[in-house]
Amino acid sequence: MTETSTPDHTSVLIVGGGLAGLSMALFLARRGIDSVLVERHAGTSTHPRARGVNVRTMEILRAAGLEPQVRATESARALAGNHGIIAARSLAGEEFGRMEGAHTADPRPDAWRDVSPTHWALCDQDELEPLLAERARAHGARLLFGHELTDLKEEAATVRDLSSGASFRIDADHVVAADGAGSPLRRRLSIPMEGPGALANFANVYFHADLSAALGDRRFVMCYVKQEGLQGALLPIDNVRRWLLHVPIGPDWEAERHRFDPDGCAAMVRAATGLPSLDVDVRGVLPWESAGRVAARWREGRVFFIGDAAHVMPPTGAFGSNTGIQDAYDLAWRLAAVLRGEAGARLLDGYEAERRPVAEATVEQAVLRSRDRAGGKGGGASAPIAPDADVMLGYRYSSEAIAEEEGAPEGVFLSDARGLPGTRAPHVELPGGGSLLDRYGEEFALVALDPAWRRAAASAAAGGARLRSVRVPEEAAAEFRSRYGVGPRGAVLVRPDGFVGWRTAAAPAAPAEALAAALGRATLGGGRR
């Protein structure tokens, strides 16, 4: 069946073709699960909106084989050396100060070398989305741009081709709503949003202008501009000609629209840059709302919510789109395991149980950062601002599929989890380069030093379990034991999403039985083909 033909059935129907939806299509396709994605726009984003791809998301894209392509994009290459935030009267004017440290995204490799085999990339959304789409198609996903969902009933969805007006039916086992902050599917199912709500409104002015002279040798992530009559932020896309200007607006875009005609936008850009004679080419204007909200439910029957359909947060910290991609990664392995008969249906309940508390805590952190940068010191909230590394890499899941340990620390974000079940498997550098994370795949992995565990894993795999045995090189054994919190005879079960599901400090008398029990819990009754 070609992509232009009309599908009549799919295992997963994905509604929405932004970063979260395209990631979902890719992650499912890599696991051999067929999907159809419908997106009402004619193609991927043409506006360079979200651009901060954080360390955890880069680990996921690395596992999907996309890291070299992401780093080869124009924006990622141009911004590879950018870091920090400056405040100034204008780009060419007086600087008030510079922000560095734990609460500003630092894309430099050296900042993350000890905790990850990868690091931040500043890759604009209009460059990342096509990469995801191309790779998803290559693995067999069906992407139908220029199509919209018009109806969803118990057994079928109705989709309309916006170019021809023709409608057709698709039967789907599961539906993933990645249809944005205004999610028509969420509204259709009467699922409310909870949280602080709207914080501010902005317009993004995307423009081309040569700012190299005013920029000089400075390489920042953002420049806050504050002067009489204008407050906003300049964001470089290529450090030379391509830029964004964020400008605060009121909540009613229709009342503001007249200010953002080409002449008005050019005047704002000239004021923000401090270059009154600048030649400005305005390429587009996008209004948006900065808000903190989380959907009250992330599942309604066979419908699951990811990305902005499940949560929205201020851009401060660059957590939003990354959280959406990570939603997709968590849900994809669950859907694949259930559809293949390798896990019990209850495994799907763990998606909301694990991801929603993390999203709530991340939204809170984004709101705290937003208020702090606005001069409110976090808005007087009781929660402290957690370090970026904890929010990105130290979040912990809790569900019935995870083997909880007595005496484990409390909280969603942990600074030093050391292999605690429910947390991301730690990075261990391997002899000759690379990471232990690179040895995990899209099945469960048993990581151990003792040959008894490797024999147990081989036996389980021979019996049909989707499980690989990962041997730790002797040179990395001490680091593995330290970072994963196990002894020489211990073992760790890493899930297909790269999170620890179970561990034991020492080998029991019957490793095969212990492993079978651990797999049974991690899959809620599955563990075999």
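**Close-up views of salt bridges and a helix pair**

View 1. The structure is a predicted model, in which local features need pLDDT of at least 70 and side-chain atom pairs count only at pLDDT 80 or more, while totals for chains, interfaces and linings use all residues. Residues are numbered from 1 along each chain as its sequence is written, and side-chain values use heavy atoms, with hydrogens and water left out. Side chains of opposite charge can pair when their charged atoms come close. R495 and D497 form a salt bridge (a side-chain nitrogen of Lys or Arg within 4 Å of a carboxyl oxygen of Asp or Glu), with an N to O distance of 2.8 Å. Both residues belong to a network of salt bridges that also includes D330, R334 and E354. By this rule, the count of salt bridges comes to 38.

**View 2. The salt bridge between R188 and D151****.** The closest N and O atoms of this pair are 3.6 Å apart. The partners come from distant parts of the chain, 37 residues apart: R188 lies in helix α6 (residues 184–188) and D151 in strand β8 (residues 147–152). Helices (H or I, at least four residues) and strands (E, at least two) are DSSP runs, numbered from the N terminus. R188 is partly exposed, at 40% relative accessible area, and D151 is also partly exposed, at 22%.

**View 3. The salt bridge between E443 and R468****.** Here the N to O distance is 3.0 Å. E443 sits in the loop between α12 (388–393) and β19 (444–448), whereas R468 belongs to strand β20 (residues 467–471), 25 residues apart. R468 is partly exposed, with 31% relative accessibility.

**View 4. The packing of helices α1 and α5****.** Two packed helices are described by the angle between their axes and the distance between the axes. Helix α1 (residues 19–30) packs against helix α5 (residues 125–138) at an angle of about 25°, with the axes 8 Å apart. Axes are lines fitted to C-alpha atoms, for helices over the stretch in contact, and angles run from 0 to 180 degrees between N-to-C directions. The two helices are therefore roughly parallel (angles under 35 degrees; over 145 is roughly antiparallel, 65 to 115 roughly perpendicular and the rest oblique). Contact (heavy atoms within 4.5 Å) involves residues including L22 and L26 of α1 and L128 and L132 of α5.

Terms used. Buried < 20%, exposed > 50% of the residue type's maximum accessible area, 1.4 Å probe, protein only.
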